[in-house]
Amino acid sequence: MGVACTPSSTGLGGAAAAPAIEVQHVLKRFRPDAPPALDDLSITVPQGVIFGILGPNGAGKTTLLSILCGLLKPTAGSVRLAGHDTLTAEVKRMLGVVPQEPAIYPTLTGRENLEYFGRMQGLRGARLAERVNACLQIAEIGDQADRRVEHYSGGYKRRLNLVIGLIHEPRILILDEPTLAIDPHSRSLIHQRLRELHAAGVTILLTTHYLEEAESLCRNIAIIDQGRIAERTSLPRLLSRLHTETFVLNLKGRVTELPELGGFVLQAVDDCTIEVEMNRAHTINGLFEALSRNGIEVISLRNKQNRLERLFLELVDRHGPESET
Amino acid sequence: MRGELWRWRRYWITFQTILIKELLRFLRIWVQTILPSVITTGLYFIIFGQLIGERIGPMAGLNYLDFIVPGLVLMAVITNSYANVVSSFYSSKFSRYIEELLVAPIPDWVILAGYIAGGVARGLAVGGAVLGVALFFTEIHLHDPWVTLGIGLLTATLFSLGGLINAIYANSFDDISIVPTFVLTPLTYLGGVFYSLELLPEFWQGISLANPILYMINAFRYGLLGVSDVPLGVAFGMTLVFILILLAYSLSLLRRGVGIKT
């Protein structure tokens, strides 16, 4: 659906060559005697990408986003947005923020919330009305626009929360767990809108707990654990590190005895389902050919475990308690 | 020059937006925000004014019911202006709406002005409603409308600022009820709502003079009835000084992000 969630211009104005976000050696301590929430953390987000920040609870993801938005000051290190190291009004206008908890006024309607936050961003008159209507359309909440938000479902609140961050057509969008605890339809809609914004050249930085979300949306990710970068790479490069993958195959007929397939490790789940462990030397075509030679037809195939989830757990374990000793 | 004008216009729009949001907030839940004060003060008029007041007799040369009207109206102004800002700003902090404002291109003082104006609006709206109720029971005539309006406005501003500071420091909903319960209510009751300062022994008169609410109630009483236990200039001066102190302190807290950006 081609709803107009594209910004009116592309690029980041005068600072076109600069990365959208640069975090350099940021340290954040909430108390002098406490361990750092962020420890010498550096990330560069180029313009126009969707960048995912992953990490377990308490890793420092929200602290990092709060520093980027100017809600917290780093103890040391620097942050630059579109080449600017201070959050002037002009830089703030480039920035859209979608917080983890929907930050919307319950006693106002969806439309009034959009008007309110739009005015805060300096919109008014016909332009404001145009943006409010566009945002209602983007979020597909037009039917509830004039109801008070306190009566909205969780999914509607999340969608409204998203478009409040978009009301002023920011060039950099920062989202903290944008699809936390919502229904599949709302999640799918938000994913679709984020892809449309990405296609329009908006730089998107998001944190998520949903690894399949990161895998489906982001080309670049950083994994944060205990305030430090555990991994920072492109997703294809990260996934290429998996040495083995396990696939679950649904079979057309029953298989009572598993055949010997050279190199593939097979395990029966039930009469019609098997698991196959494949290493990097194997190919799917090779597997199908071997199964076909043994008279086994496959109806469908899926990954047993989310690939990113497996890597994530490996990386977080590696940077966990053992690494501190 | 044009850029400067545009910037001030933006600030004005932002201020209006926060104020309108605050008005909508308390008007839409008027059963929780306006009605309780009207009912409570209505009961005060019935009990203290009609039933007990007749036995008390005149106070400061006035009918007792007339005497308590200014104090009750100002009590409504104080509690409602305070309650509006403390609850609204704390909710914004608790539910993190405030972060949307802090990341928007708006200076802190515009946010402060918007919330304070909301508190003043509710304080004066409820004060006006209580005065309306009072007119059912009394036949008071405004002695000096400018003094009445002026001290009402300043009092509402002062306690809106107090509410904002309380909200900034509050870490739970319990924290926003401590000051109204343990500080504001006793100071208001001991500020001469129900009695004239002349009734107190000399020692307690001296102690009472340290209560800033006493000055506001007396100035308001002068505006409505033309009598006061304290000089009018002192009352206005003290209120203004308190406003300036709390204003500077609130701005400093907002600028440093105390309770919000920590």
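Select A:Leu95 first: it stands opposite A:Ile172 in β6(A). Both belong to a predicted model, in which local features need pLDDT of at least 70, side-chain atom pairs count only at pLDDT 80 or more, and totals for chains, interfaces and linings use all residues. Residues are numbered from 1 along each chain as its sequence is written, chains are lettered from A and ligands numbered from 1 in the order in which they are written, and side-chain values use heavy atoms, with hydrogens and water left out.

Now show β5(A) and strand β6 (residues 172–176) of chain A. They run parallel and are joined by four bridges. Helices (H or I, at least four residues) and strands (E, at least two) are DSSP runs, numbered from the N terminus. Two strands pair if DSSP finds at least two bridges between them. Strands of a sheet pair through backbone hydrogen bonds, either parallel or antiparallel.

Six strands form it, in the order β5-β6-β7-β3-β8-β9. The sheet is open and its pairing is mixed. At the edges stand β5 (95–98) and β9 (228–234) of chain A, each pairing on one side only. From one strand to the next, the twist averages 15°. Axes here are lines fitted to C-alpha atoms, for helices over the stretch in contact, and angles run from 0 to 180 degrees between N-to-C directions.

Helix α1 (residues 61–69) of chain A lies across β3 (50–54), β5, β6, β7 (203–208) and β8 (220–225), and runs at about 150° to β6(A). Helix α6 (residues 184–199) of chain A lies across β3, β6 and β7, at about 150° to β7(A).

**The four-stranded sheet of chain A**

Go to residues 265–270, which are β11 of chain A. This strand belongs to an open sheet of four, in the order β11-β12-β10-β13, with antiparallel pairing. β11 and β13 (298–303) stand at the edges with a single partner strand each, so one side of each has no neighbour in the sheet. Neighbouring strands are turned by 25° against each other on average, direction ignored.

Select strand β12 (residues 273–279) of chain A next. It pairs with β11(A) in the antiparallel sense over five bridges. Pick out A:Ala268, which stands opposite A:Ile274 in β12(A).

Zoom out to chain A. Its secondary structure comes to 11 helices and 13 strands. Of its 325 residues, 52% count as buried (under 20% relative accessible area; exposed is over 50%, partly exposed in between, with a 1.4 Å probe and protein chains only). Among contacts in chain A with a separation of 6 or more, 70% come from residues 24 or more positions apart. Contact means heavy atoms within 4.5 Å.

**Rings and charges**

Turn to the aromatic side chains. Over all chains, the structure holds 18 aromatic pairs. Rings of Phe, Tyr and Trp (its six-membered ring) pair if their centres lie within 6.5 Å; planes under 30 degrees apart count as stacked, over 60 as edge-to-face and the rest as tilted.

Select A:Tyr116 and A:Phe117. Their ring centres are 5.0 Å apart and their planes stand at 80°, so the pair is edge-to-face. A:Tyr116 is buried at 2% relative accessible area, and A:Phe117 is buried at 3%.

Move to B:Tyr11 and B:Trp109. The centres are 5.4 Å apart and the planes at 85°, so this pair is edge-to-face. It links distant parts of the chain: B:Tyr11 is in helix α1 (residues 2–28) of chain B and B:Trp109 in helix α6 (residues 108–137) of chain B, 98 residues apart. B:Tyr11 is buried at 14% relative accessibility; B:Trp109 is partly exposed at 37%.

Check two charges over rings (NZ of Lys or CZ of Arg within 6 Å of the ring centre and within 35 degrees of the ring normal). A:Lys28 lies over the face of A:Phe30, 5.2 Å from the ring centre. B:Arg221 lies over the face of B:Phe67, at 3.7 Å.

**Helices of chain B**

Select helix α3 (residues 35–56) of chain B. It has a kink of about 30°, centred on B:Gly49. The bend at a residue is the angle between axes fitted to the seven residues ending there and the seven starting there. Buried residues of α3(B) include B:Val38, B:Tyr44, B:Phe45 and B:Gly49. The helix's buried residues pack against α4 (64–94), α6 and α8 (175–189) of chain B. After α3(B) comes B:Gly57, with a positive phi near 90°.

Finish at B:Ser208, in helix α9 (residues 202–208) of chain B. B:Ser208 is buried, at 9% relative accessibility. Not counting residues up to four places away in sequence, B:Ser208 touches B:Leu190, B:Leu197, B:Leu200 and B:Leu214.
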